Amino acid sequence: MAFLVLTNVHKHYGRVVAVKDFNLTVERGEFVSFLGPSGCGKTTTLRMIAGFEQLTAGSILMDGVDISRKPPNQRNIGMVFQSYALFPNMTVADNIGFGLKVAGQPGAAIKARVAEMLSLIKLEPLANRYPFQLSGGQQQRVALARALAIRPQLLLLDEPLSALDAKIRVALRTEIRAIQRQLGITTIYVTHDQEEAMSLSDRIVVMNHAQIEQVGTPFEVYNFPQTGFVASFVGTLNSAPAQVVDAAAGLLRMAGQEVRASRPFSAAGDAVKLALRPELLSLAPAVNGANRLSGQVETISFLGAIVRIQVRVGEASIHVDTFNNPHLALPALGDTVTVSFSPEAVLVLDDA
């Protein structure tokens, strides 16, 4: 039996639909991320799981128990907020032990658990400091330890790293994942950062306009998007208009040039969108069976480990990504080049 089950969950604010027909099962110990743009309903769904928002319709079961109408303090859920929400007048140790104190745990048990949590987040020397004496990353570690101190069945994290700088975000998300694996705690993580979701998650729930677009592993969501929104939102994507030549044979025409997909596709009409990931394209000579598109180099951008070459093909601009190296031979601006790619690299999306 799945550990967490959301069935036909809806949330309305008057006539505004915040979450629509949300269905999801989460296994015990799984790390699941809700990914989507602002306003898509991901935080509202998280708050309904936590009990801070009431469902308009549907049900939420945790470990076989219906928690849909239970107050937050009866759900045994730990939550970490974007804003840390630490008590400014309490030390690090007191913040971590607060939930245990409210629960009436004896002092010796609280002290032992706080010491355990401080060791887990590697902040033992800072136990007697106050939040204003900590960095943002340290404060978020304390918030995580406070949420875990009560031994929750489920951990919820609402964009916990968005207020931190890029380098600290990368380091802290690695720590969060390591702690989650060490404890084996079921975790739901809300983010609008696709890289964060891809690096952390066992599965990703991609949301848009109050509902689920796709649920899958990071590999599945990135390589096999089920909708145009998922294809464009997750990762960098080239998108260009194309015409259907023979859908059953996987044949298209883009800017007067033929393109072959690896499999048949269905299309609502003659016009579709051809979608290509930049890292699957090459300016190297095409191997047998590869597609070829002729175009002209518009720009060349150095992005550290990646060099991105923008090629004009008809009315579309196609980005080609290649790994940087000191001996990389690059075309000149204005050169005519051939972009090659395998039929497996071709995604065909309805032109909507």
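Okay, so let's start with the lining of the largest pocket: by class it has 15 nonpolar, five polar and one charged residues. Nonpolar here means Ala, Val, Leu, Ile, Met, Phe, Trp, Tyr, Cys and Pro; Asp, Glu, Lys and Arg are charged, and the others, Gly among them, are polar.

Keep in mind this is a predicted model, where local features need pLDDT of at least 70, side-chain atom pairs count only at pLDDT 80 or more, and totals for chains, interfaces and linings use all residues. Residues are numbered from 1 along each chain as its sequence is written, and side-chain values use heavy atoms, with hydrogens and water left out.

That pocket has a volume of about 670 Å³, meaning the space filled by probe spheres set on grid points joined across faces, edges and corners. Of its 21 lining residues, N73, I77, G78, G99 and I150 are the closest to the centre. A pocket, on a 1 Å grid over the protein atoms alone, is an open set of points where a 1.4 Å probe fits, with protein on both sides within 12 Å along at least five of seven lines; lining residues have an atom within 4 Å of a point. Helix α2 gives the largest share of this lining, four residues. Helices are DSSP runs of H or I, at least four residues, and strands are runs of E, at least two, numbered from the N terminus.

Next, the second largest pocket, at about 440 Å³. Its top contributor is β19, with four residues.

And β19 (347-350) is also an edge strand, like β13 (257-260), in an open five-stranded antiparallel sheet ordered β13-β12-β11-β14-β19. Pairing takes at least two DSSP bridges between two strands.
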